[in-house]
Amino acid sequence: MDLILWRHAEAEMLRPEDVAAGADPYPLDLGRALTAKGERQAQRMAEWINRRIAASTRVLVSPARRTRQTAEALGRPYKVVASLAPGATVEDVLQAARWPDASEPVLVVGHQPTLGLVAAHLLAGLDEHWSVKKGAVWWLRHRVRDGLSEVTLQAVQAPDLL
């Protein structure tokens with residue numbers, strides 16, 4: 001099974017005056033949009049991804065506006081999954097992706113620190129905060145070889161290197 005972790009592209013920052021005014025920051029955070037730079041990052045990565053993923057790839061997206069905008073650059077159908085919102089756990093991501101048993105590749109568009117935690121857990125068995133750059137992709141593959149379960153890193157790609 002392939003699990004592709006795609007961090008949303010660059011997004012607007014929360015305005016200090018909104019948070020200082022006593023507004024609940026969570027709904028404000030979910031509404032943050034991509035910046036112009038973020039839109040370019042998403043488009044570049046989407047082109048790279050589309051050249052490489054299978055037509056059967058399931059695309060799962062956090063409900064945050066910035067992740068949906070990032071995924072829309074693919075031009076493919078996607079499913080918004082509430083459990084992938086900011087603050088999701090490693091288990092939330094693995095459960096949504098049906099790791100490692102899904103029969104099709106899965107692309108998750110999500111957030112830090114969750115995606116870095118998933119990568120560290122699957123690749124090294126660690127509970128560490130690995131950094132996934134804005135707009136970047138980490139492509140992992142699970143396979144069984146000689147009766148042993150393996151996870152390999154297929155690619156790491158950042159949008160500014162395209």
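Helices (H or I, at least four residues) and strands (E, at least two) are taken here as DSSP runs, numbered from the N terminus. The model is predicted, so local features need pLDDT of at least 70 and side-chain atom pairs count only at pLDDT 80 or more, while totals for chains, interfaces and linings use all residues. Residues are numbered from 1 along each chain as its sequence is written, and side-chain values use heavy atoms, with hydrogens and water left out.

An α-helix has 3.6 residues a turn, so residues three or four places apart point the same way.

After α5 comes Arg98, with a positive phi near 60°. Arg98 belongs to the loop between α5 and β4 and is partly exposed, at a relative accessible area of 43%. The loop between α5 (90-97) and β4 (106-110) also holds Pro100, which is joined to Trp99 by a cis peptide bond with omega of about 0°. Another cis bond runs from Gln112 to Pro113, with omega near 0°, and Pro113 sits in the loop between β4 and α6 (114-124). Asp146 is exposed, with a relative accessible area of 76%. Most residues other than glycine have a negative phi, and most peptide bonds are trans.

The interior can be described through its nonpolar cores, each a set of buried Ala, Val, Leu, Ile, Met, Phe, Trp, Tyr and Cys residues joined through side-chain atoms within 4.5 Å. The largest has 25 residues, of which Leu3, Leu5, Val106, Val108 and Val118 touch the most other members. At least two residues of this core come from each of β1, α5, β4, α6 and β5. Leaving aside neighbours within four places in sequence, Val106 is in contact with Met1, Asp2, Leu3, Ile4, Thr57, Arg58, Leu60 and Ala97. Apart from this core lies another, of 20 residues, including Met45, Ile49, Val61 and Leu107.

Notes:
Buried < 20%, exposed > 50% of the residue type's maximum accessible area, 1.4 Å probe, protein only. Contact = heavy atoms within 4.5 Å.
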